[in-house]
Amino acid sequence: MKQLFLPEDYTSVLDVWQTEHAIKFIKDTFQLALAAELKLRRITAPIVVPSGKGLNDNLSGTEQPVSFGARVLGGQRAEIVQSLAKWKRYALWRHHIQPGMGIYTDMNALRPDETIDNIHSVYVDQWDWEKVITPEERTPERLQLCVERIYAALKRTEFLLSEQFPVLQPFLPDRIHFIHAEELRKQYPGLSPKEREERIACQFGAVFIRGIGGALGDGTIHDDRSPDYDDWSTEAEDGSVGLNGDIIVWNPVLQSAFEISSMGIRVDRAALEKQLWLKNAGDRKKLYFHSLLLEGKLPQTMGGGIGQSRLCMLLLQKCHIGEVQAGLWPDEVLTECEKAGVFLF
């Protein structure tokens, strides 16, 4: 997607103050539904973590966080979180959470290397969730069940929103479709991964693409993933590889595929060793988080992030994420949106 796309004849369904009320309604409703579906307890999330411990999320492995010298740490470096994929697993261990239960956080983060457009912002707000599973539950079937429950929370929120604001009628399909990234590649061998996402999302309306980060049959990957949280290398009983993926829906306003969540079963000791080797990142083993995992102290978990502004933008039928969050935008984007009558906070 280019930096700014303004659909022809676009007009926001809700005005600014209706939008503010609807944002709160969506956030309040969805997080309660998500907690009930997955058995999650709310936990307070950090906005800053110490550098050098491996607790911050480096996303695909190349993005650099905002960092600064912290006087409280004697001048040692600290970082603004980019997401909490690894911190949550550490928190589950510290709080002695048992299998079948988990946590969710109301996370606010900064991603300074993000390339902004209609759906990407330097400021990121999302529900980061994580739950403890048993080693026997590290299967594609367990992952699919979790995706279905998240989608049920999404559909519940969509329905209740339409009851509160009748002008916003439900449009998401009743069920979400499941496909592996390799199967998707074989269906559309001449297309790029993003083009494949467009095709499958348009066809089914909602899809979960599994196996993102590992090598496909032609040696390419569907998309980059960091080696130290999602397990994208373990082979399942059916021969497919990867225990992670993305929830993607079709956005009728932007007429494009729209990622809602990246999630998965997390690495165990064997998967971490393998993925660090594949990504030439073996030096991370000495970090605090990674040493805890390699020593077998951290629980087996699954988790992910669900974009708050992404979800609000989708359900409120907005064309730009800046219509539902106070972000940071170039002057040219602000000017073009103002000319088109698109109000950015």
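Helix H3 (residues 140–164) contributes the most to the lining of the largest cavity, giving three residues. Keep in mind, as you look around, that this is a predicted model. The cavity has a volume of about 40 Å³, and the count of cavities of 30 Å³ or more comes to one. Lining it are Phe30, Ile150, Tyr151, Leu154, Ile247, Ile260, Ile306 and Leu311. What is the make-up of this lining by class? It has eight nonpolar, no polar and no charged residues.

Now to the packing. The largest nonpolar core has 58 residues, and Ile150 is one of the four that touch the most other members, along with Trp129, Met263 and Leu316. Ile150 also lines the cavity. Which residues does Met263 meet, leaving aside its neighbours within four places in sequence? Its contacts include Trp129, Leu143, Cys146, Val147, Ile150 and Phe208, as well as Asp230 and Asn244. Another core, of 25 residues, lies apart from the largest one.

| Nonpolar core | Size | Members include |
|---|---|---|
| Largest | 58 residues | Trp129, Ile150, Met263, Leu316 |
| Another | 25 residues | Ala91, Val132, Val267, Ala281 |

As a general background, nonpolar side chains tend to be buried together in soluble globular proteins.

Finally, a look at helix H8 (residues 308–315). Why is H8 described as largely enclosed by the rest of the structure? Because eight of its eight residues are buried. The buried set includes Gln308, Ser309 and Arg310 as well as Leu311, and Leu311 is also among the residues lining the largest cavity. After H8 comes Gln317, which has a positive phi, near 60°.

Technical notes: Residues are numbered from 1 along each chain as its sequence is written. This is a predicted model: local features need pLDDT of at least 70, side-chain atom pairs count only at pLDDT 80 or more; totals for chains, interfaces and linings use all residues. Side-chain values use heavy atoms; hydrogens and water are left out. On a 1 Å grid over the protein atoms alone, a cavity is a set of points where a 1.4 Å probe fits but cannot get out, and a pocket is an open set with protein on both sides within 12 Å along at least five of seven lines; lining residues have an atom within 4 Å of a point. Grid points are joined across faces, edges and corners, and a volume is the space filled by probe spheres set on the points. Helices (H or I, at least four residues) and strands (E, at least two) are DSSP runs, numbered from the N terminus. Ala, Val, Leu, Ile, Met, Phe, Trp, Tyr, Cys and Pro count as nonpolar, Asp, Glu, Lys and Arg as charged, and the others, Gly among them, as polar. A nonpolar core is a set of buried Ala, Val, Leu, Ile, Met, Phe, Trp, Tyr and Cys residues joined through side-chain atoms within 4.5 Å. Buried means under 20% relative accessible area, exposed over 50%, partly exposed in between (1.4 Å probe, protein chains only). Contact means heavy atoms within 4.5 Å.
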